[in-house]
Amino acid sequence: MRNRLSFYIPRQSLIHDLNPLTKLALVFTFIIVAFSSSWYWLPTILFFFGLVPLSFIGKVGKAFLRTTFRLLLPLFIFLFVMQSLFYPGGVTPLLSLWIFSVKLEGVQFAYLTGTRILVMVSSFLVLLLTTHPSTLMSDLTRRGLPGALAYIITSTLQIIPQMQGKANTIIDAQRSRGLDTEGNLFKRAGALLPLVGPLVFGSLVDVEERAIAIEARAFNAPCKKTSLIEISDTGFETALRWFFLLLMLAAIGSRIWLS
Amino acid sequence: MAILTINNLTYQYPSSPQPALKDISLTLESGEFLAVIGANGAGKSSLCYTAAGFIPHFFRGELNGQVLIDGVDSSQSNLNELVLHAGLVFQNPFNQISGSKFTVYEEIAFGLENLGIAREEMKARIDEALALTNIADLGKRSPYALSGGQQQRVALASILVMQPKLLVLDEPTSQLDPIGTQEVFQVIRAMTKRGMTILMAEHKIEQVAEFADRVIALDAGEILLEGTPGEVLTSPLLPERGVGISRYTQVARRAQAMGLWSKQTHLPATLAQAVRGFGGADAAQEVNDAA
Amino acid sequence: MKLIDSIKKDFNTMTLVLIPVAIAINVVIGQIVVLLRLPVYLDSIGTVLVAVLCGPWAGALTGTLSNIIWGLIIDPNAFPWFPVALFIGFVAGWCAIGGLFKSWWKVVITGILIAFTAAIVSTPIAVYLYGGITASGSSFITAFLLQSGRDLVSAVLSTNFLVEPVDKIATALVAFAIIQGLSTRYISRFPRSENAAQEKGKRSTQLIIAIAVAVVLVVIAATVLVTMLG
């Protein structure tokens with residue numbers, strides 16, 4: 001199990017300096033346009049001429065391509081194999097092998113679905129690679145996101161790697177005591193409880209003290225919270241966000257209107 | 001001026017058959033350092049939670065008697081108000097990290113952000129707290145990537161920035177290694193020099209002897225002994241009730257049995273007192289005076 | 001405003017601190033299950049835990065955030081499935097309020113209700129976003145059903161009805177076992193602790209009822225499925 005807080009890579013770049021909300025608006029614009037447009041090649045164009053250049057302007061291009069590839073390759077293989085063979089509307093066989101035949105419509109469908117998912121996943125990656133989760137949350141809190149929600153998200157981001165670390169320790173410890181994690185299905189199912197038990201109870205016990213600790217620091221104070229982190233935002237970016245909003249509405253509108 | 005006044009307090013946790021605190025009365029004056037000792041389960045933590053308002057507000061349960069924290073009646077107030085008057089630091093440093101901040105500097109800001117303090121003042125207060133707790137060099141580190149002693153000082157700084165009148169410390173070093181313990185006590189020493197009012201539960205008797213102006217020994221939720229460190233810490237009642245005694249007291253008591261410590265000399269609780277005690281009658285007189 | 005009161009009731013400080021732990025439990029147990037190569041997901045145990053102890057709204061939030069955070073740090077493919085997780089938490093919460101989390105056999109019913117909800121909610125997502133084929137093993141069943149002439153929606157729906165119950169009953173049972181292991185004093189800090197108060201009765205009897213109920217429900221589900229597929 002990999003222990004990692006987030007995808008964020010600290011760099012000095014134009015994209016890093018953008019206000020988090022602007023980037024978030026950009027992400028949703030890409031996704032909504034990709035999914036609502038009926039133009040077959042649009043998601044492909046959005047990826048190669050929109051997201052890839054953005055990632056390089058943000059100086060995270062290599063990590064962007066590598067992560068996109070790693071996250072989506074298994075899904076794409078699955079998607080292409082299954083859809084090209086089993087797509088319900090498939091009528092034009094491209095090649096046949098025994099009882100299987102690859103259909104053109106299946107391949108086309110798999111490509112469109114695949115590129116749309118590509119835009120969805122990789123546009124989020126542009127945001128995540130260039131934005132520290134803490135900056136994102138501070139900015140959203142400043143704009144009215146409830147502090148409790150921001151607290152939950154940022155503290156989850158820190159707890160997960162800790163718990164993964166604990167899980168690895170417990171797995172090692174139980175294996176060295178002879179726990180079988182490799183045997184048949186029943187043995188492996190039986191291994192679940194000795195691994196999960198200590199992990200879950202250990203972390204649940206901490207909940208009470210952690211609640212006391214944040215209450216001691218006025219977590220529930222009724223006044224309006226302030227933020228230590230100063231996040232830049234410009235009039236230009238506000239205009240940009242309005243523009244993205246219009247694009248999104250236009251994309252959704254055209255979708256409804258055309259169908 | 002009294003910072004903490006407790007009158008005839010009896011408290012029982014919601015699902016517990018007997019009270020955790022029985023008929024406790026005490027006063028803590030401004031600038032005073034009160035130490036609370038006692039065996040495990042004697043009620044030290046419960047008393048700390050009461051002094052910080054978490055009893056009855058967080059733990060609910062049944063509270064009789066009166067608790068005034070910095071003049072505010074605890075039962076009539078709420079936790080959001082009370083944490084402005086009393087700050088709580090407890091054993092486990094790890095669990096006191098808010099979890100929602102990625103650097104020590106931001107972590108210390110957490111309480112101030114919740115209170116809606118302006119950014120400039122926030123920074124000034126954080127810098128002061130960092131200096132006071134001796135962790136100015138850790139500002140950019142993750143609060144999770146620190147030693148126990150460092151984490152506990154971050155916890156202390158996080159409470160101190162909120163500028164409470166009363167600092168409640170519930171065995172702040174019980175889960176730390178010797179170096180961490182030393183680091184934390186250095187900060188506590190600095191706090192006492194600044195005239196901070198402190199209530200500390202502690203089982204390390206040597207430390208209690210060094211810091212406390214006054215000591216309370218709890219036994220099964222009741223006050224067993226109350227007085228100066230010299231009176232309370234050397235009492236033969238303590239080992240009977242499962243409370244540890246200072247190693248210096250122990251050595252002197254042995255020495256007394258062997259005729260090496262005069263029966264007239266008060267038993268020591270600190271190293272300095274022991275040294276003077278073994279140093280001869282003149283020094284012993286001084287120890288008695290001091291105690 | 002009854003709705004707002006109902007939502008507010010779910011959230012105290014304990015809830016807010018429990019949710020991150022619950023999400024981490026979802027993620028980490030999900031990963032351990034993959035490591036052990038078990039034929040289930042078990043990635044909503046934390047969600048069910050919060051739903052029972054804190055209520056349906058907190059459960060729904062936990063489920064939603066689980067998927068968002070899974071998407072943020074592990075795999076952005078998890079984002080679009082958040083409605084499934086949301087409804088798992090929501091339904092589990094109402095089941096618990098209705099007293100269906102107080103003994104083994106009632107928990108099995110909760111598990112089945114969660115499973116049906118998950119099956120229904122995930123169908124449109126699988127169909128419209130992924131064309132019915134996702135990167136999970138159960139897609140082979142979908143492919144088989146498609147091959148034998150079913151339409152896409154009913155193929156995906158039947159697959160889900162076949163796959164979900166085992167996973168969600170196991171999830172509910174593990175969550176129940178965890179709650180049984182927590183002290184009453186600890187549970188009492190949460191806003192809906194009364195949901196977790198266990199009914200009196202012999203454990204062995206309850207277990208037999210649980211198994212019987214599970215068998216009956218699975219038979220009913222199978223019949224419904226067969227009729228549905230014609």
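I count two strands as paired if DSSP finds at least two bridges between them. The model I am reading is predicted.

**Entry: a strand pair in chain B**

I looked up strand S6 of chain B, residues 86-89. S6(B) pairs with strand S7 of chain B, residues 166-170. The sense is parallel, and I find four bridges.

**Entry: domains of chain A**

I took the domain assignment for chain A. Domain 1 comes in two segments, 14-131 and 230-258. Domain 2 covers 145-216. I get 34 Å between the C-alpha centres of domain 1 and domain 2 of chain A.

**Entry: the nonpolar core**

How many residues does the largest nonpolar core have? I read 224. The residues with the most contacts inside this core are Leu204(A), Ile37(B), Phe54(B) and Phe101(C). Helix H2 of chain C, residues 13-35, gives the most to this core, with 15 residues.

I then followed Leu204(A). Neighbours within four places in sequence are left aside here. Leu204(A) touches chain C at Leu18(C), Val21(C), Ile25(C) and Leu49(C). Its list also has Ile178(C), Leu182(C) and Tyr186(C).

**Entry: chain A against chain C**

This contact takes 61 residues from chain A and 57 residues from chain C. The two chains bury about 5,300 Å² between them. Carbon and sulfur atoms give 79% of that area. I count three salt bridges between chain A and chain C. I checked Glu182(A) with Arg37(C), a salt bridge whose closest N and O atoms are 3.8 Å apart.

**Entry: chain B against chain A**

Here 39 residues come from chain B and 34 residues from chain A. The buried area is about 3,300 Å², with 58% of it on carbon and sulfur atoms. Which residues of chain B lose the most area to chain A? I find Phe102(B), Asn114(B) and Arg119(B), together 22% of what the chain B side buries.

The rule finds two salt bridges across the interface of chain B and chain A. I also noted the salt bridge between the side chains of Glu107(B) and Arg217(A), at 2.8 Å, N to O.

Definitions and conventions
Residues numbered from 1 in each chain as written. Chains lettered and ligands numbered in written order. Predicted model: local features only at pLDDT ≥ 70, side-chain atom pairs only at ≥ 80, totals over all residues. Heavy atoms only, no water. Domains from an automatic or database assignment. Buried < 20%, exposed > 50% of the residue type's maximum accessible area, 1.4 Å probe, protein only. Helix = DSSP H or I, 4+ residues; strand = E, 2+ residues; numbered from the N terminus. Core = buried A, V, L, I, M, F, W, Y, C linked by side-chain atoms within 4.5 Å. Contact = heavy atoms within 4.5 Å. Buried area = accessible area lost by both parts, 1.4 Å probe. Salt bridge = Lys/Arg side-chain N within 4 Å of Asp/Glu carboxyl O.
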